[in-house]
Amino acid sequence: MAMYTVLRRATAAVIPLAARRTVASSSSRTFHSALSVKLLPHQEMTPFVPSRSFANAVANKSSPDANLVQVLQSEINCALEDEQATEQVEIPVGFPFEIEDNAGERTIQLKRQYEDEVITVKVDIPNITPEENEGDDADDNEKNDTESSIPLVVTVFKGNGVSLEFGLTAFPDEVSIDSLSIKKPDDSEDELVYEGPEFTDLDENLQKAFLKYLEIRGITAGTTNFLQEYMFNKDSKEYLLWLKKVKSFVD
C-alpha cells in the first residue's frame with residue numbers, strides 16, 4: 001500500500017493538469033489508464049527514484065529485529081565466558097546411579113538397581129543460582145536454604161508393578177520428604193485415590209525411618225549435594241542453548 005501511494009504521487013507530479021482532471025472526472029478510468037494519457041510535445045516522463053526518507057523507512061522496519069539479535073549475541077558471549085570460567089562437575093567415585101541427561105530438557109533422570117527394586121530419581125533445575133545467596137545476612141538462612149534447594153521425585157518400583165513415590169526437597173547437606181504415596185500401574189488419574197496423610201503429620205520416628213529407607217537406596221546428603229552442583233551447571237548450559245535457539249529463529 002505504501003509503494004502504491006508513492007507511485008501515485010510520482011505520477012501525479014508529471015501528468016498535466018487537464019489529464020489529471022480527466023482522470024478525476026471518470027471513475028471508469030484506472031490507474032493504468034492515467035499513465036497512458038498522451039503527453040504534450042517534448043514532455044518526458046521522469047523516472048521514479050525512491051527518496052532517502054523512503055529508503056530509511058524500509059531500513060528502519062527491521063531495525064528492532066537487528067537490535068534484538070545484537071543483544072542476544074552479547075548475552076551469548078557473556079554466557080560463554082561464564083561457562084568457560086565454570087569448573088566441570090565430575091561424577092564422584094561410587095556414585096550409585098546412572099545419569100540420563102538430554103540436552104534441551106530441564107530435568108535429568110537417575111536410575112539404579114537395588115536388590116529386587118528399580119529406583120528412579122527425577123531431578124529438576126533450581127530456579128536461581130547459589131551465587132545470588134552470597135553476602136546475605138545470617139538472619140536470612142531459612143530463605144537462602146529454600147532458594148538453593150532442588151526438587152526430586154524418587155520412585156521405588158517392585159516386581160509386581162506397585163511403586164512407592166517420594167516427593168523430596170534437597171537442601172545443602174539435608175534431605176526433606178514432602179510427600180509419600182503408593183502407586184499402582186492400573187491407577188487412573190481420574191480416581192480419587194487416598195495418598196496418605198501429610199508427611200509432617202506422621203510420627204517423628206516414622207519420618208526418620210523413611211529417611212533411612214531412602215538413604216540405604218542411595219538418597220544421601222552426598223548424593224544430593226553433587227546433584228545441586230550438577231543441576232546448577234546444567235542450568236547454565238541449557239540457558240546458553242536456549243539463547244542460541246532464540247537467536248537462530250530471530251536471525
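When I speak of a helix today, I mean a DSSP run of type H or I with at least four residues, and the helices are numbered from the N terminus. With that in hand, I can say that Ala79, the residue I will come back to at the end, has its place in helix α5.

Before we go there, please keep in mind that what you see above is a predicted model. The protein chain averages a pLDDT of 76, and 65% of the residues score at least 70. I would ask you to be careful with residues 1-41, where pLDDT stays under 50 and for which the model has 23 contacts beyond four places in sequence.

Let me give the overall layout. The secondary structure of the protein chain comes to eight helices and six strands, and, if you read along the sequence, these follow the pattern α-α-α-α-α-β-β-β-α-β-β-β-α-α. Of the 251 residues in the chain, 26% count as buried. If we take the contacts between residues at least 6 apart in sequence, 57% of them join residues at least 24 apart.

Now to α5 itself, which covers residues 63-85, has 23 residues and reaches 33 Å from its first C-alpha to its last, close to the 33 Å expected at 1.5 Å a residue. Its buried residues are Val69, Leu72, Ile76 and Ala79, and what these buried residues pack against is α8, residues 221-250.

For α5 and α8, the axes come within 9 Å and cross at roughly 160°. Since angles over 145 degrees count as roughly antiparallel, α5 and α8 are therefore roughly antiparallel to each other. The crossing in which α5 passes α8 is left-handed. Among the residues that make this contact are Leu68, Leu72, Ile76 and Ala79 of α5, together with Tyr239, Leu240, Leu243 and Val246 of α8.

That brings me back to Ala79. Is Ala79 buried or exposed? The cut-off for buried is under 20% relative accessible area, and because Ala79 has 11% relative accessibility, it counts as buried. Which residues is Ala79 in contact with, once we leave aside its neighbours within four places in sequence? They are Leu240 and Leu243, and both of these are listed on the α8 side of the helix contact. Finally, the C-alpha atoms of Ala79 and Ser236 are separated by 7.5 Å, although these two residues are 157 residues apart along the chain.

Terms used
Residues numbered from 1 in each chain as written. Predicted model: local features only at pLDDT ≥ 70, side-chain atom pairs only at ≥ 80, totals over all residues. Heavy atoms only, no water. Helix = DSSP H or I, 4+ residues; strand = E, 2+ residues; numbered from the N terminus. Expected span 1.5 Å × (residues − 1). Buried < 20%, exposed > 50% of the residue type's maximum accessible area, 1.4 Å probe, protein only. Contact = heavy atoms within 4.5 Å. pLDDT = per-residue confidence, 0-100. Axes fitted to C-alpha atoms, helices over the stretch in contact; angles between N-to-C directions. Parallel < 35°, antiparallel > 145°, perpendicular 65-115°, else oblique. Left-handed = near helix turned anticlockwise from the far one by under 90°.
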